[in-house]
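Q: Hi! Could you walk me through this one?
A: Happy to. Here it is.

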Amino acid sequence: MGNSSEIFSFVLAAYGNVGALKHMYFVIIFFWYLLICVANTVLIVVIHVDRRLHEPMYILLCNLCVNEINCSTSLYPLLLSQMFSDSHEVILPWCFLQMCCMYISGPAEFWSLAAMAYDRYISICHPFSYNVIMNTERVCILILLVWIFSFVSFLLSFSFIFGLRFCGNIIDNVYCDHQLIIRLSCSVPIQSSLSIIFFVIMSIFLPFNLVSVSYLKILRVCRKTSTENKQKAVTTCTPQIISVSNLFVGCICYSIDFRFLVAQVPDEVRIILPMYLLIFQPMLTPFMYGFNLPKIRQSCTMLLFKRK
(Lines give C-alpha, C1' and ligand atoms only; values in the text may rest on other atoms or scores of the structure.)
Protein backbone atom coordinates (compact mmCIF):
# COMPACT_ATOMS: atom_id res chain seq x y z
CA MET A 1 0.00 0.00 0.00
CA GLY A 2 1.39 3.44 -0.94
CA ASN A 3 1.88 6.33 1.45
CA SER A 4 2.44 10.06 1.29
CA SER A 5 6.23 9.72 0.99
CA GLU A 6 5.83 7.87 -2.32
CA ILE A 7 3.39 10.32 -3.92
CA PHE A 8 4.90 13.66 -4.85
CA SER A 9 2.28 14.93 -7.30
CA PHE A 10 -1.34 14.64 -8.38
CA VAL A 11 -2.49 14.15 -11.97
CA LEU A 12 -5.40 16.32 -13.10
CA ALA A 13 -7.10 13.79 -15.35
CA ALA A 14 -9.93 16.03 -16.63
CA TYR A 15 -7.52 17.73 -19.06
CA GLY A 16 -7.28 14.50 -21.05
CA ASN A 17 -10.40 15.41 -23.04
CA VAL A 18 -9.18 18.83 -24.21
CA GLY A 19 -7.56 17.52 -27.38
CA ALA A 20 -7.25 19.84 -30.37
CA LEU A 21 -9.38 22.52 -28.68
CA LYS A 22 -6.67 23.41 -26.16
CA HIS A 23 -5.57 26.49 -28.13
CA MET A 24 -9.11 27.87 -28.21
CA TYR A 25 -9.62 27.10 -24.49
CA PHE A 26 -6.30 28.77 -23.66
CA VAL A 27 -7.25 32.00 -25.47
CA ILE A 28 -10.73 32.11 -23.89
CA ILE A 29 -9.43 31.43 -20.37
CA PHE A 30 -6.55 33.90 -20.73
CA PHE A 31 -8.73 36.80 -21.87
CA TRP A 32 -11.42 36.03 -19.29
CA TYR A 33 -8.80 36.06 -16.51
CA LEU A 34 -7.26 39.25 -17.93
CA LEU A 35 -10.68 40.92 -18.05
CA ILE A 36 -11.39 39.93 -14.42
CA CYS A 37 -8.06 41.37 -13.24
CA VAL A 38 -8.44 44.59 -15.25
CA ALA A 39 -12.06 45.20 -14.21
CA ASN A 40 -11.41 44.66 -10.50
CA THR A 41 -8.14 46.61 -10.58
CA VAL A 42 -9.84 49.58 -12.26
CA LEU A 43 -12.46 49.63 -9.51
CA ILE A 44 -9.76 49.44 -6.80
CA VAL A 45 -7.78 52.28 -8.42
CA VAL A 46 -10.89 54.44 -8.84
CA ILE A 47 -11.80 54.04 -5.16
CA HIS A 48 -8.20 54.76 -4.11
CA VAL A 49 -7.78 57.86 -6.30
CA ASP A 50 -11.17 59.51 -5.72
CA ARG A 51 -11.31 60.84 -2.14
CA ARG A 52 -15.09 61.10 -2.36
CA LEU A 53 -15.15 57.29 -2.36
CA HIS A 54 -13.15 56.96 0.86
CA GLU A 55 -16.28 55.86 2.67
CA PRO A 56 -16.97 52.57 4.50
CA MET A 57 -19.19 51.19 1.73
CA TYR A 58 -16.55 51.69 -0.97
CA ILE A 59 -13.66 50.56 1.22
CA LEU A 60 -15.53 47.30 1.78
CA LEU A 61 -16.17 47.08 -1.97
CA CYS A 62 -12.45 47.56 -2.59
CA ASN A 63 -11.73 44.63 -0.27
CA LEU A 64 -14.26 42.53 -2.17
CA CYS A 65 -12.49 43.31 -5.46
CA VAL A 66 -9.16 42.28 -3.94
CA ASN A 67 -10.73 38.97 -3.01
CA GLU A 68 -12.08 38.50 -6.56
CA ILE A 69 -8.53 38.84 -7.92
CA ASN A 70 -7.22 36.44 -5.27
CA CYS A 71 -9.96 33.93 -6.03
CA SER A 72 -9.32 34.07 -9.79
CA THR A 73 -5.55 33.85 -9.39
CA SER A 74 -5.97 30.67 -7.36
CA LEU A 75 -7.57 28.99 -10.40
CA TYR A 76 -6.75 30.50 -13.80
CA PRO A 77 -2.91 30.41 -13.83
CA LEU A 78 -3.05 26.66 -13.12
CA LEU A 79 -5.62 26.14 -15.87
CA LEU A 80 -3.45 28.02 -18.34
CA SER A 81 -0.23 26.22 -17.36
CA GLN A 82 -1.88 22.81 -17.61
CA MET A 83 -3.49 23.44 -20.98
CA PHE A 84 -0.28 22.56 -22.90
CA SER A 85 1.13 20.07 -20.39
CA ASP A 86 1.53 16.44 -21.44
CA SER A 87 1.47 14.92 -17.96
CA HIS A 88 -0.95 17.35 -16.23
CA GLU A 89 0.91 16.80 -12.98
CA VAL A 90 0.80 19.18 -10.03
CA ILE A 91 3.23 18.73 -7.15
CA LEU A 92 1.62 18.40 -3.72
CA PRO A 93 2.77 21.80 -2.33
CA TRP A 94 1.29 23.67 -5.31
CA CYS A 95 -1.91 21.66 -5.09
CA PHE A 96 -2.25 22.39 -1.38
CA LEU A 97 -1.47 26.08 -2.01
CA GLN A 98 -4.23 26.32 -4.61
CA MET A 99 -6.67 24.61 -2.28
CA CYS A 100 -5.65 26.97 0.53
CA CYS A 101 -6.19 30.11 -1.61
CA MET A 102 -9.53 28.90 -2.95
CA TYR A 103 -10.97 27.90 0.42
CA ILE A 104 -9.84 31.13 2.06
CA SER A 105 -11.29 33.33 -0.67
CA GLY A 106 -14.65 31.52 -0.39
CA PRO A 107 -15.35 32.48 3.25
CA ALA A 108 -13.83 35.91 2.60
CA GLU A 109 -16.41 36.45 -0.17
CA PHE A 110 -19.37 35.57 2.04
CA TRP A 111 -18.13 37.50 5.10
CA SER A 112 -17.25 40.53 2.95
CA LEU A 113 -20.81 40.62 1.64
CA ALA A 114 -22.08 40.20 5.20
CA ALA A 115 -19.96 43.19 6.26
CA MET A 116 -21.33 45.21 3.34
CA ALA A 117 -24.91 44.24 4.24
CA TYR A 118 -24.26 45.36 7.84
CA ASP A 119 -22.90 48.66 6.51
CA ARG A 120 -26.08 49.20 4.48
CA TYR A 121 -28.20 48.27 7.50
CA ILE A 122 -26.50 50.91 9.68
CA SER A 123 -26.65 53.50 6.88
CA ILE A 124 -30.38 53.05 6.20
CA CYS A 125 -31.75 52.04 9.61
CA HIS A 126 -29.49 54.17 11.84
CA PRO A 127 -28.36 57.08 9.62
CA PHE A 128 -27.61 59.49 12.50
CA SER A 129 -25.23 57.00 14.14
CA TYR A 130 -23.60 55.84 10.90
CA ASN A 131 -20.46 57.99 11.07
CA VAL A 132 -19.83 56.91 14.65
CA ILE A 133 -20.43 53.18 14.15
CA MET A 134 -18.85 52.79 10.68
CA ASN A 135 -15.78 55.01 10.85
CA THR A 136 -12.67 54.21 8.77
CA GLU A 137 -10.77 52.62 11.65
CA ARG A 138 -13.58 50.22 12.48
CA VAL A 139 -14.05 49.32 8.82
CA CYS A 140 -10.34 48.43 8.54
CA ILE A 141 -10.64 46.28 11.67
CA LEU A 142 -13.74 44.63 10.17
CA ILE A 143 -11.85 43.82 6.95
CA LEU A 144 -8.93 42.40 8.96
CA LEU A 145 -11.36 40.21 10.92
CA VAL A 146 -12.90 38.95 7.66
CA TRP A 147 -9.51 37.68 6.46
CA ILE A 148 -8.43 36.29 9.85
CA PHE A 149 -11.73 34.46 10.26
CA SER A 150 -11.53 33.07 6.71
CA PHE A 151 -7.97 31.81 7.28
CA VAL A 152 -8.81 30.24 10.65
CA SER A 153 -11.96 28.68 9.19
CA PHE A 154 -9.86 27.02 6.48
CA LEU A 155 -7.24 25.79 8.95
CA LEU A 156 -9.79 24.31 11.33
CA SER A 157 -11.69 22.65 8.48
CA PHE A 158 -9.05 21.30 6.08
CA SER A 159 -5.57 21.46 7.65
CA PHE A 160 -5.83 17.70 8.40
CA ILE A 161 -5.50 17.06 4.63
CA PHE A 162 -1.83 18.11 4.74
CA GLY A 163 -1.00 15.10 6.91
CA LEU A 164 -2.94 12.46 4.97
CA ARG A 165 -1.31 9.40 3.42
CA PHE A 166 -2.31 8.96 -0.21
CA CYS A 167 -2.75 5.69 -2.08
CA GLY A 168 -3.64 7.29 -5.42
CA ASN A 169 -2.84 10.45 -7.33
CA ILE A 170 -5.49 10.76 -10.09
CA ILE A 171 -7.84 13.73 -9.57
CA ASP A 172 -10.74 13.71 -12.02
CA ASN A 173 -10.92 17.48 -12.28
CA VAL A 174 -9.03 20.50 -13.65
CA TYR A 175 -8.04 21.84 -10.22
CA CYS A 176 -7.21 20.48 -6.76
CA ASP A 177 -10.61 19.84 -5.21
CA HIS A 178 -10.44 18.92 -1.53
CA GLN A 179 -13.18 16.28 -1.77
CA LEU A 180 -11.35 14.41 -4.52
CA ILE A 181 -8.04 14.70 -2.64
CA ILE A 182 -9.60 13.18 0.48
CA ARG A 183 -10.91 10.24 -1.58
CA LEU A 184 -7.32 9.50 -2.62
CA SER A 185 -6.19 9.00 0.98
CA CYS A 186 -5.39 5.48 2.16
CA SER A 187 -8.06 5.81 4.85
CA VAL A 188 -10.73 8.49 4.89
CA PRO A 189 -10.59 10.18 8.31
CA ILE A 190 -13.79 10.66 10.29
CA GLN A 191 -13.17 14.40 10.52
CA SER A 192 -13.55 14.78 6.73
CA SER A 193 -17.36 14.88 6.91
CA LEU A 194 -17.35 16.93 10.10
CA SER A 195 -14.91 19.43 8.59
CA ILE A 196 -17.16 20.04 5.58
CA ILE A 197 -20.18 20.62 7.85
CA PHE A 198 -18.13 22.98 10.05
CA PHE A 199 -16.85 24.86 7.01
CA VAL A 200 -20.34 25.27 5.52
CA ILE A 201 -21.78 26.53 8.82
CA MET A 202 -18.96 28.99 9.58
CA SER A 203 -18.29 30.19 6.02
CA ILE A 204 -21.69 30.10 4.31
CA PHE A 205 -24.60 29.57 6.72
CA LEU A 206 -23.66 32.23 9.31
CA PRO A 207 -22.79 35.08 6.89
CA PHE A 208 -25.81 34.25 4.70
CA ASN A 209 -28.07 34.55 7.74
CA LEU A 210 -26.47 37.85 8.73
CA VAL A 211 -27.06 39.17 5.22
CA SER A 212 -30.69 37.97 5.30
CA VAL A 213 -31.38 39.58 8.70
CA SER A 214 -29.78 42.87 7.58
CA TYR A 215 -31.89 43.12 4.44
CA LEU A 216 -35.09 42.10 6.21
CA LYS A 217 -34.56 44.97 8.64
CA ILE A 218 -33.75 47.32 5.75
CA LEU A 219 -36.96 46.23 3.99
CA ARG A 220 -38.98 46.89 7.14
CA VAL A 221 -37.59 50.43 7.45
CA CYS A 222 -38.00 51.17 3.72
CA ARG A 223 -41.71 50.42 3.91
CA LYS A 224 -42.14 53.42 6.24
CA THR A 225 -39.86 55.91 4.50
CA SER A 226 -40.18 58.31 1.54
CA THR A 227 -40.07 57.29 -2.12
CA GLU A 228 -36.71 59.03 -2.57
CA ASN A 229 -35.12 57.09 0.30
CA LYS A 230 -36.60 53.87 -1.03
CA GLN A 231 -35.01 54.52 -4.43
CA LYS A 232 -31.65 55.26 -2.80
CA ALA A 233 -31.83 52.04 -0.77
CA VAL A 234 -32.70 50.02 -3.88
CA THR A 235 -29.79 51.55 -5.83
CA THR A 236 -27.18 50.74 -3.17
CA CYS A 237 -28.54 47.35 -2.10
CA THR A 238 -29.40 45.76 -5.46
CA PRO A 239 -25.79 44.84 -6.43
CA GLN A 240 -25.26 43.13 -3.07
CA ILE A 241 -28.52 41.19 -3.30
CA ILE A 242 -27.59 40.00 -6.81
CA SER A 243 -24.11 38.99 -5.59
CA VAL A 244 -25.52 36.99 -2.68
CA SER A 245 -28.10 35.33 -4.98
CA ASN A 246 -25.35 34.41 -7.44
CA LEU A 247 -23.28 32.91 -4.61
CA PHE A 248 -26.28 30.84 -3.56
CA VAL A 249 -26.68 29.51 -7.13
CA GLY A 250 -22.95 28.76 -7.26
CA CYS A 251 -23.08 26.80 -4.01
CA ILE A 252 -25.91 24.67 -5.42
CA CYS A 253 -23.88 23.99 -8.59
CA TYR A 254 -20.83 23.03 -6.52
CA SER A 255 -22.78 20.73 -4.20
CA ILE A 256 -24.31 18.64 -7.01
CA ASP A 257 -22.62 15.25 -7.10
CA PHE A 258 -22.17 14.40 -10.79
CA ARG A 259 -20.82 10.92 -10.07
CA PHE A 260 -24.38 9.59 -10.31
CA LEU A 261 -25.15 11.54 -13.50
CA VAL A 262 -22.09 10.67 -15.59
CA ALA A 263 -24.14 9.13 -18.42
CA GLN A 264 -26.57 12.07 -18.64
CA VAL A 265 -24.15 15.00 -18.13
CA PRO A 266 -21.42 15.92 -20.68
CA ASP A 267 -17.86 16.18 -19.35
CA GLU A 268 -17.74 19.92 -20.05
CA VAL A 269 -20.83 20.56 -17.91
CA ARG A 270 -19.59 18.27 -15.13
CA ILE A 271 -16.31 20.23 -14.96
CA ILE A 272 -17.59 23.78 -15.49
CA LEU A 273 -20.68 23.83 -13.23
CA PRO A 274 -18.78 23.25 -9.94
CA MET A 275 -16.53 26.17 -10.96
CA TYR A 276 -19.51 28.47 -11.56
CA LEU A 277 -18.56 30.78 -8.69
CA LEU A 278 -14.91 30.98 -9.73
CA ILE A 279 -15.93 31.84 -13.29
CA PHE A 280 -18.77 34.33 -12.93
CA GLN A 281 -18.59 35.89 -9.45
CA PRO A 282 -15.23 37.69 -9.98
CA MET A 283 -16.63 39.30 -13.13
CA LEU A 284 -20.06 40.05 -11.67
CA THR A 285 -18.73 42.15 -8.78
CA PRO A 286 -16.94 44.98 -10.66
CA PHE A 287 -19.56 45.28 -13.40
CA MET A 288 -22.54 45.20 -11.03
CA TYR A 289 -21.07 47.87 -8.76
CA GLY A 290 -19.34 49.79 -11.54
CA PHE A 291 -22.48 50.29 -13.61
CA ASN A 292 -25.12 50.45 -10.88
CA LEU A 293 -23.63 52.77 -8.24
CA PRO A 294 -23.77 56.38 -9.52
CA LYS A 295 -20.66 57.55 -7.62
CA ILE A 296 -18.54 54.68 -8.98
CA ARG A 297 -19.82 55.29 -12.52
CA GLN A 298 -19.06 59.00 -12.34
CA SER A 299 -15.60 58.41 -10.89
CA CYS A 300 -14.79 55.82 -13.56
CA THR A 301 -15.82 58.29 -16.28
CA MET A 302 -13.70 61.07 -14.75
CA LEU A 303 -10.66 58.81 -14.32
CA LEU A 304 -10.78 57.21 -17.76
CA PHE A 305 -11.95 60.06 -19.98
CA LYS A 306 -11.70 63.46 -18.28
CA ARG A 307 -8.37 63.43 -16.46
CA LYS A 308 -5.67 65.48 -18.10
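A: Before we talk charges: Lys and Arg count as positive and Asp and Glu as negative, while His and the chain ends are not counted. The place of a charge is taken as NZ of Lys, CZ of Arg, CG of Asp or CD of Glu.

Q: OK, how far apart are the mean positions of the positive and negative charges?
A: They are 16 Å apart, for 20 positive and 15 negative charges.

Q: What kind of model is this?
A: It is a predicted model, where local features need pLDDT of at least 70 and side-chain atom pairs count only at pLDDT 80 or more, while totals for chains, interfaces and linings use all residues. Residues are numbered from 1 along each chain as its sequence is written, and side-chain values use heavy atoms, leaving out hydrogens and water.

Q: Thanks! How many helices and strands does the chain have?
A: Twelve helices and three strands, taken as DSSP runs (H or I, at least four residues, for helices; E, at least two, for strands) and numbered from the N terminus.

Q: New topic: how much of the chain is buried?
A: Buried residues, meaning those under 20% relative accessible area with a 1.4 Å probe and protein chains only, make up 46% of the 308 residues.

Q: And Ser 153, is that buried or exposed?
A: Ser 153 counts as buried because its relative accessibility is 3%. You'll find Ser 153 in helix H6, residues 136-158.

Q: What is Ser 153 in contact with, leaving aside neighbours within four places in sequence?
A: Phe 198, Phe 199, Met 202 and Ser 203, where contact means heavy atoms within 4.5 Å.

Definitions and conventions
Buried means under 20% relative accessible area, exposed over 50%, partly exposed in between (1.4 Å probe, protein chains only).
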